[in-house]
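Dear colleague,

Please find the structure below, handed over for your records. My notes on what was found in it follow.

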Amino acid sequence: MTLHEPSLGSGEESWEASSAELERRCRLGSEVTSLSHITSMEKCEHYFKLSSPIRHCLRTTKLITIFIIVVLCSLDGYFVLCVFIFNVFPTMNLTDFRDNSLLKLQVGGPFLGGMEAVQEAQEYILIQVEQTEEAGSRRRRTQQVLYNWTIPLHSQRSDQILRTRTFEMVSSVQAFLLDSQVVPLSMTHQSLYVTVETQVLIAGLILAGVYVLIIFEIVHRTLAAMLGSLAALAALAFIGDRPSLMTVVEWIDYETLALLFGMMILVAIFSETGFFDYCAVKAYQLSRGRVWPMIMILCLIAAVLSAFLDNVTTMMLFTPVTIRLCEVLNLDPRHVLIAEVIFTNIGGAATAVGDPPNVIIVSNQDLRKKGIDFAAFTGYMFLGICLVLLTSFPFLRMLYWNKKLYNKESSEIVELKHEILVWRQTAHRINPASREETAVKCLLMQKVLNLESLLRKKLKTFQRQISQEDKNWEHNIQELQKKHRITDKILLVKCLTVLGVVIFMFFLNSFVPAIHLELGWIAILGALWLLVLADIQDFEIILHRVEWATLLFFAALFVLMEALAHLQLIDYIGEQTAVLIKVMPEDERLAIAIILVMWVSALASSLIDNIPFTATMIPVLINLSQDADVNLPIKPLIFALAMGACLGGNGTLIGASANVVCAGIAEQHGYGFSFMEFFRLGFPMMLMTCTIGMCYLLATHIGLHWNT
């Protein structure tokens, strides 16, 4: 990066400046800081032209409203939840339910797992829950309703598995445990205060509130996810299902966080070698100065890699290269990055290991018995995703037809604007704990003001010209090769060696079941190896490159999605989908079921995390296929679920993990894109790819009868 103010580090700026001079700089710096405080409101007001008093009033109203909601949610968390735990029992009488709507039972014991375990088990536990409604004005006699809950037992009784079920209750309940011999069991019961429909409504309102905060950028997306998770936990406490702190911590997927953290460390050290600049120049040379062939090559490579690697890993490796390449060509990196992450999500659906929903499907033992194993799943999905990719490239070109990929200003002005943004972000990250750090922060803020003044002067004399594709690309390549070289070849060899081992272990983990190392462990071990080999002395510099906001966002998102699942949102979607399929005419039921499962999965995965949604829909679809009255094959439904869950991630910015990671890295480099910027490109691509995937499913299962 060119420094337009070389006097920053000169002797004229003495560390022993007078107090008056230091105070003046701090006042100047505070002006810049005050601008950053209203950044979120300015983004929200991008759609409206507001005067200063109205802007100040809206900002104050926003702060007060959010603070009141947080306080109310925090106070709501103090509701007391009574849980009773006991061992072997024949009968339990529960009569003090008052006006509670639901009874939630959790039984722990040596149970079997799987959907077909009931038919295969030799021993089982039968829990009978009896609801008694006394005679009243509407009925002349007492009415009793009996619920039977059958749980298969493990033959060796070596471990304890928890089973949970919710029953609709009115007044009094008796629970009976029937078995021919003594079995150690534990049971907890709790009363819930609202119906399932009310819980789903609360969950929908919370999810809508989170999306409003993110779409209009009222607060940062990390804070929006944290506020949403707090509201969801408060809702659980309100209905009587308040989880403990240990339970909430267990909801976080630490394997994903470990994978992100380890790969962030690897990429941070890798970037010090100049390898990303070198790759950018080589990509420019391969495209012969033409932008669209270069974008197509990058998207295709990203799609192929993501079919075998995790999508997050692919984008963490591709995003820095793409940003540097766009800086070299004076392109806007945002559009190129969005195109890459879209094709990464498409490519991840091609194999059984490319996307987490696919891994969940092929790991299910009941589905393996139905013939959906690694080879069958990959073979079917690979053919369909190839068809989707072929149609995606021309559609992407059509979406970008009127978009100016080149920056409208000269490269000098674009670089100056980006430099101002980077200096401002650097100044805000400094914590003024000492006088020297305060002085450095003030100097950086003074630097920002000087660069802004220089930018205003250049804009006055600048005649706007839209850049065209390079005609002298061969000469430019020679200049770029002199300027962008590998800076540390020894460190590059170390990085390539460690990264190669890590990627090789990723492949082994996907194809060799005997390796019990998870992806998170592999990434953490790779980061430790490289930290030792690179002999990093200043560890703080590496930690500054870690996207802590992204890690916190994922942690809060995991808690939010699990809380919404406990509010019955995901189960309700699955049950309503099954109900709609059952009422369809028999001759059209399979086609309508494929379409319905496909689009419900796509739309749901664009709004909520596709991992818990897939895990919830699998047993729903298995039960649906085993229903003799419905008579549907399981394979078309599962393939529709996989296609929709994977391709639906392109619908919104938080629909897939790779989207959030790419946005976080781009924001760190000063090229962050908003929710709406991604939505304008991602959602049409999601609709088109899902339509092609639906046609492929209908043609193979309805036209060619592959399911038979």
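**Helix packing and aromatic pairs**

H8 and H20 are roughly parallel to each other, because the angle between them, about 25°, falls under 35 degrees. Please note that the model is a predicted one. The axes of helix H8 (residues 254-270) and helix H20 (residues 519-534) lie 7 Å apart, and their crossing is left-handed. On the H8 side the contact includes Glu255, Phe261, Met263 and Ile269, and on the H20 side Leu519, Ile524, Leu530 and Ala534 are among the residues involved. By class, the residues of this contact comprise 14 nonpolar, 3 polar and 1 charged.

A search for aromatic pairs across the whole structure gave 13. In one of them, Phe553 and Phe554 are edge-to-face, since their ring centres are 5.9 Å apart and their planes stand at 75°. Phe553 is buried, at a relative accessible area of 1%, and Phe554 is also buried, at 2%.

Phe675 and Phe679 form a stacked pair, with 6.3 Å from centre to centre and 15° between the planes. Both residues belong to helix H28 (residues 675-703), where they are 4 residues apart, about one turn of the helix. Phe675 is buried at 4% relative accessible area, whereas Phe679 is partly exposed at 27%. Together with Tyr211 and Phe683, these two residues form one aromatic cluster.

Tyr211 is also touched by Ser606, whose other contacts include Gly648, Thr652 and Met686. Ser606 lies in helix H24 (residues 589-607) and counts as buried, with 3% relative accessibility.

With kind regards

How values were computed. Residues are numbered from 1 along each chain as its sequence is written. This is a predicted model: local features need pLDDT of at least 70, side-chain atom pairs count only at pLDDT 80 or more; totals for chains, interfaces and linings use all residues. Side-chain values use heavy atoms; hydrogens and water are left out. Axes are lines fitted to C-alpha atoms, for helices over the stretch in contact, and angles run from 0 to 180 degrees between N-to-C directions. Helices (H or I, at least four residues) and strands (E, at least two) are DSSP runs, numbered from the N terminus. Angles under 35 degrees count as roughly parallel, over 145 as roughly antiparallel, 65 to 115 as roughly perpendicular and the rest as oblique. A crossing is left-handed if the near helix is turned anticlockwise from the far one by less than a right angle, and right-handed if clockwise. Contact means heavy atoms within 4.5 Å. Ala, Val, Leu, Ile, Met, Phe, Trp, Tyr, Cys and Pro count as nonpolar, Asp, Glu, Lys and Arg as charged, and the others, Gly among them, as polar. Buried means under 20% relative accessible area, exposed over 50%, partly exposed in between (1.4 Å probe, protein chains only). Rings of Phe, Tyr and Trp (its six-membered ring) pair if their centres lie within 6.5 Å; planes under 30 degrees apart count as stacked, over 60 as edge-to-face and the rest as tilted. Lists of a residue's contacts leave out its neighbours within four places in sequence.
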